[in-house]
Amino acid sequence: MKTTAKLLLTSYLLAALALFSGCNASAAQDAAAASAEPTDRASRIERGRYLVHAGLCIDCHTPFAMGPNGPAPDMTRLLSGHPADLQMPPPPELPPGPWLVLMGATNTAFAGPWGVTFSANLTSDPDTGLGRWTEQMFVDTIRTGRHMGKGRPILPPMPYPLVANYTDEDLGAMFEYLQTVPPISNRVPDPIVAQ
Amino acid sequence: MANATFIPASSMGMTLVSIALAAPLLGLGAALVLRSDAEEVQAIDTLPEHAPDDLRDTGLYADWTGKRVADDVLVYSPQYPLWTDGARKARWIRLPPGTAIDASDPDAWEFPAGTQLWKEFAFEGRRVETRYMQRRADGSWLYATYVWSADESTARLSATTGGVAVGVDVELGGGRRHAIPSSADCRACHDDVAPVLGFSALQLSSDRDPDAPHAEPLPTGAIDLRGLLSVGLVRDWPAGIDLAPRIAARTPVERAARGYLHGNCGGCHRDDGPIAALDMDLAWSVADASDDDAPIVATSVGRPSRAPLPSGREGAPLRIVAGDPDHSVLLGRMRSRAPIHQMPPLGTSVVDDDAVALIARWIDELDERPSAPRKRTNR
């Protein structure tokens with residue numbers, strides 16, 4: 001099962017890269033060109049804020065709530081990941097066919113052939129977010145596709161191969177911005193790996 | 001929420017992403033899409049620009065056909081080897097002529113530019129892969145893996161991508177497959193702080209631990225620390241430090257257990273690496289003169305674990321519960337090969353039963369230490 005799961009994950013992540021490459025290659029080039037090598041922390045944070053908000057980080061790492069215009073990220077829970085108090089029932093079993101992936105109403109829980117993923121808390125909370133992380137851990141995570149750059153594989157649908165196209169400076173700026181996001185104590189559940 | 005008309009465009013994008021990502025899971029034939037992408041990843045990863053395409057061009061062998069290793073290549077064997085699902089390993093190092101390793105920090109040797117290391121993996125008597133690293137002029141290291149053909153006539157550079165665990169699987173029979181690591185996986189273990197693993201003072205000590213799990217008989221001509229010092233290949237060894245380092249321990253079980261954890265876990269779990277913030281130090285240091293002072297006890301025994309027990313038992317998890325192996329997360333993760341739980345997190349798909357038994361015995365012994373935290377009381 002482990003080897004199979006690994007192969008599936010491998011295929012999945014390769015596909016993620018394939019999907020994103022077309023648009024992302026130019027985006028990464030643009031981003032690199034736009035990177036002005038910030039010389040002070042404030043401009044670096046602003047650069048990171050731009051990247052985090054313009055990219056897809058907000059979408060999956062901030063719980064959605066229903067508003068007047070339909071579901072939208074609840075900015076009072078900015079980047080705090082899947083709400084710990086929202087216990088998801090087992091995902092419904094899909095019938096045979098082309099439907100493969102399920103998404104929770106908060107856009108923070110995803111179920112597919114790999115199992116169930118809950119988006120991480122990226123706030124500066126020291127115990128449940130990235131408060132104790134270092135910039136190197138963050139960059140290594142994106143570069144290796146492993147938790148903290150060394151641990152378990154990051155699971156779908158986190159498109160880390162896309163994010164890995166950013167420069168070290170841009171990734172560092174993103175991390176520096178994330179460290180300024182107000183801490184929200186929210187211990188995201190561990191992922192559930194399909195058996 | 002389920003009504004697609006309410007889903008913002010960005011989320012629609014993610015939905016499409018999810019569907020597309022899942023395509024290969026069902027064998028829907030994304031190969032044509034992947035090809036151009038792999039080329040892009042290749043461009044990101046500069047490794048192939050520096051490592052030869054063929055193992056024979058790295059200079060390991062003087063005679064490829066006879067597999068005779070070059071005269072200036074030294075063979076070595078760490079006393080606490082890394083577990084790789086029972087693979088038989090062989091290891092070599094070459095230093096550029098006239099250079100030496102700076103051991104002024106005995107825990108962090110400084111290797112000269114051009115240093116080459118090789119590690120060969122064989123299963124069931126057949127060479128499967130040879131991993132290779134070389135220090136560049138700028139101080140960084142290149143990493144490569146060469147995959148042997150079934151008849152061992154060639155060993156070609158493995159495909160490297162920026163993705164996780166993207167490698168070449170080698171069928172070993174019996175349903176087992178050995179995964180070749182990606183270049184990203186190389187860097188997951190060989191970080192900038194401790195790029196070279198297994199070639200260190202403790203690992204090369206002449207005072208070898210007879211109880212080390214999977215201890216290997218010393219290969220003919222293997223170099224050790226004393227030998228390296230005597231020929232000047234290791235210099236600036238600090239005065240007053242034993243030339244045959246040994247883990248101080250109360251019992252042989254403790255010595256072997258700490259050695260195993262040093263060799264298999266301490267590469268990442270140490271006090272000076274990228275994940276030092278975890279405050280979990282399983283590495284041995286020459287500074288660990290007293291077993292009671294060893295950081296492994298202070299940072300593991302009775303300390304809360306952020307990771308749960310893989311067995312899913314209730315209660316606040318602890319890294320090590322003295323006298324209680326079954327409630328020790330460290331051992332639980334060693335016993336697991338579920339991707340999100342297993343330790344080490346890569347490089348192995350088979351539990352090291354001998355090591356699990358050893359660590360369990362050590363955890364049992366810890367209960368007898370007067371200074372060790374006691375068993376949990378909330379069971």
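**View 1. Met103(A) stands opposite Phe110(A) in strand 4 of chain A.** The model shown here is predicted; local features need pLDDT of at least 70, side-chain atom pairs count only at pLDDT 80 or more, and totals for chains, interfaces and linings use all residues. Residues are numbered from 1 along each chain as its sequence is written, chains are lettered from A and ligands numbered from 1 in the order in which they are written, and side-chain values use heavy atoms, with hydrogens and water left out. Strand 3 and strand 4 (residues 109-112) of chain A pair in the antiparallel sense over 2 bridges. Two strands pair if DSSP finds at least two bridges between them. Strands (E, at least two residues) and helices (H or I, at least four) are DSSP runs, numbered from the N terminus. The open sheet here has 4 strands of chain A in the order 3-4-5-6, with antiparallel pairing. Its edge strands are strand 3 (102-103) and strand 6 (192-193), each pairing on one side only.

**View 2. A hairpin of 2 residues joins strand 1 to strand 2 in chain A.** Strand 1 covers residues 64-67 and strand 2 covers residues 70-73. They pair in the antiparallel sense over 4 bridges. Phe64(A) stands opposite Pro73(A) in strand 2 of chain A.

**View 3. Chain A as a whole has 6 helices and 6 strands.** Along the sequence, the pattern runs α-α-α-β-β-β-β-β-α-α-α-β. Contact means heavy atoms within 4.5 Å. Among contacts in chain A between residues at least 6 apart in sequence, 64% join residues at least 24 apart. Mean pLDDT, the predictor's confidence in each residue from 0 to 100, is 84 for chain A, and 80% of its residues reach 70 or more. Over residues 1-30 of chain A the pLDDT is below 50, and this stretch has 58 contacts in the model beyond near neighbours in sequence.

**View 4. Trp148(B) is buried, with a relative accessible area of 5%.** Trp148(B) lies in strand 8 (residues 141-148) of chain B. Beyond its neighbours within four places in sequence, its contacts include Leu55(B), Tyr61(B), Trp64(B), Arg126(B) and Thr154(B). Thr130(B) is also among them. Ser200(B) is 52 residues from Trp148(B) in sequence and 28 Å away in space, C-alpha to C-alpha.

**View 5. Val75(B) stands opposite Trp92(B) in strand 4 of chain B.** Strand 3 and strand 4 (residues 88-94) of chain B pair in the antiparallel sense over 3 bridges. An open sheet of 6 strands in chain B has the order 3-4-6-7-8-9, with antiparallel pairing. Strand 3 (74-76) and strand 9 (155-157) are its edge strands, each pairing on one side only.

**View 6. Helix 8 of chain B carries buried residues, including Trp362(B) and Ile363(B).** Others among them are Ala355(B), Val356(B), Leu358(B) and Leu366(B). Their cover includes helix 5 (252-264), helix 6 (295-300) and helix 7 (329-335) of chain B.

Notes:
Buried < 20%, exposed > 50% of the residue type's maximum accessible area, 1.4 Å probe, protein only.
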